[in-house]
Amino acid sequence: MLDDFFIRALVAGVGLALVTGPLGCFVVWRRMAYFGDTMAHSALLGVALSLVMEINLMVGVFLVAALASLALILLERRRALSTDALLGILSHSTLALGLVMVAFMTWVRVDLMGFLFGDILAVSKTDIAIIYGGGAIVLALLVWLWRPLLAATVNPDIAQAEGLRPERSRLIFMLLMAAVIAIAMKLVGILLITALLIIPAAAARRFAGGPEIMAALAALIGAISVAGGLTASLQFDTPSGPSIVVAALVLFVLSLAPSPVLKTETSSAETKP
Amino acid sequence: MLEKSKPRAQPSSDTLVEMHNAGVNRGGRWLVRGVDLAVRRGEIVTLIGPNGSGKSTTARTAIGIIEPSEGHVHRAEGLTIGYVPQKVALDWTLPLSVERLMTLTAPASRSEITTALEAAGVAHLAGRQAAALSGGEFQRALLARAMLRKPDLLVLDEPVQGVDFTGEVALYELIRDIRDRTGCGILMISHDLHIVMADTDTVICLNGHVCCRGEPQSVMDSPEYRKLFGTRAAESLALYRHHHDHTHLADGRVRHADGTITAHCHKDDGHHHDHEAAETPANGGRDA
């Protein structure tokens, strides 16, 4: 079954969506969309450094994305610039550094487009194993971290006062994001990873009455986006990564549409005794 | 004196949290300095003071959200804290029902949740989205959440914000009731001293440092208190009108009435503080 490239792409994409959905909910709740973008952009610097040092690409990307988030935390503490501006600096300078470094490396052929936009149709069985293995670890850690991370998201002071160590939660959460970016880069590319984190979560908000439901729905919506996007990409011969994002966007727009069914759902929730 | 078999840092096992000469400095400015306070089991300690006087900073330092820049904070080992912060802003993107809010930091059974919500008078709101509640309803839900943890120490930062007057009285009754039933210690920040007075064991008045303190009764009996409360008892802000004999300078030093400048206030300075700043916010920075 996995011999067909389309099936492999589907299996890999759905596996990724199951992880980015729940993780993306926290990105949305914590208003870290731009932060996720910055970490993703730093991935290209990770690629360049891995090529120079001849280490595994995923390891290099993970390390650089993690370092970028640590750098941000440290810069934030100095309070010299707003987080917004710091993100802008980190995001674009890491991307530009990566591009410049790759250009210098004349001895390796680098498929830049592949890194920027991904190539989900080229995933191997090994990639699938990494996605499901790594994804399972990320999800397991997220489940373990769920209560302290959610408490820190709602109010860090409450979490701190009641012994849940919000700074530790934040740090682990950033490492999880770095891991997901490293895993996802090959599939959807550096420029589109954040979309898979944010759009399914945003589309799920309307239908969710609780955080756990929203996380599950985001995973589901992400999986549907992957299936829909890949099918459309095959049908219309469009690039696969962007097609998946467009499919997610369509689901998000649909979630905004007024619907009589939804209205009764929300009002019944409110009249519940 | 006999030595205890188990030496303990705190003088009494009933002491939940203690601060010794604690101060918090941010960017070279002392938010609050020289705070000594202790909250014991079953005791209600109320912090009062004008805006920017360091009430929240003091409470947050007491429970470990802020590390003191100087002095010491000691919390009893294994202390369970229930905290209601001054402001909890819920993001619309995070769906959170009142019921789910209850188990934010620790699991609880459904019956425990119902009991806590009933005690706070918001059991009928369990299924509602927390973000859609009114100010008073939300405060009650937060109080229910904090007491659900069966805390040793309950810390309430202005628990009656957004609550109308009758609701305020009911909420303070609820707070006293929690103390009476569970025997927890309560550290509370309040603007409404005229209401909490009867239930408070110790009042600490802050204005960047501890201005004055005492049991409400002894404070009430004192001529200074009568001077404070007698004429304008109806206005809670009138509480803060003491007489000023020293000014806190920008660098944290203190200029006294006779023109001398010292690094700290003197012990006996406190009672003569003028908290005019509370009534005229424009002057707030001068005193802080």
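Author: The buried residues of α4(B) are B:E137, B:F138, B:Q139, B:R140, B:A141, B:L142, B:L143, B:A144, B:R145, B:A146, B:M147 and B:L148. Buried means that 20 or more other C-beta atoms lie within 10 Å of the residue's own; with 12 or fewer a residue is exposed, in between it is partly exposed, and C-beta atoms are placed from the backbone. That makes 12 of the 14 residues of α4(B), so the helix is mostly covered. An α-helix has 3.6 residues a turn, so residues three or four places apart point the same way.

This is a predicted model: local features need pLDDT of at least 70, side-chain atom pairs count only at pLDDT 80 or more, and totals for chains, interfaces and linings use all residues. Residues are numbered from 1 along each chain as its sequence is written, while chains are lettered from A and ligands numbered from 1 in the order in which they are written.

What covers the helix? The cover of the buried residues of α4(B) includes β5 (81-84), α2 (98-102), α3 (110-119), β6 (153-157) and α5 (165-182) of chain B. Helices (H or I, at least four residues) and strands (E, at least two) are DSSP runs, numbered from the N terminus.

The length of α4(B) (residues 135-148) fits too. At 1.5 Å a residue, its 14 residues should span 20 Å, and the end C-alpha atoms are 20 Å apart, which agrees. The expected span is 1.5 Å times one less than the number of residues. After the helix comes B:K150, with a positive phi near 50°.

Now the rest of chain B. Its secondary structure comes to 9 helices and 12 strands. Of its 288 residues, 43% are buried.

One strand is worth a look. β3(B) (residues 44-48) has 5 of its 5 residues buried, so it is largely enclosed by the rest of the structure. In a regular strand the side chains alternate between the two faces of the sheet. Both faces of β3(B) are covered: B:I44, B:T46 and B:I48 are buried on one side, B:V45 and B:L47 on the other.

β3(B) has parallel partners. It is joined to β7(B) (residues 185-189) by 4 bridges; strands pair if DSSP finds at least two bridges between them. There, B:L47 has B:I189 as its bridge partner. With β8(B) (residues 202-206), β3(B) also pairs in the parallel sense over 4 bridges. In that strand, B:T202 is the bridge partner of B:V45.

Chain A is built from 12 helices and 0 strands. Buried residues are 48% of its 273. A compact globule of 273 residues would have a radius of gyration near 19 Å; chain A has 19 Å, which agrees. That radius is taken over C-alpha atoms, and the globule rule is 2.2 Å times the number of residues to the power 0.38.

Finally, the interface. 24 residues of chain A are in contact with 23 residues of chain B. On the chain A side, α1 (5-29), α6 (125-154), α7 (156-161), α10 (211-236) and α12 (260-271) each supply at least two residues. The largest share, 5 residues, comes from α7(A).

Note on methods
Contact = placed C-beta atoms within 7 Å.
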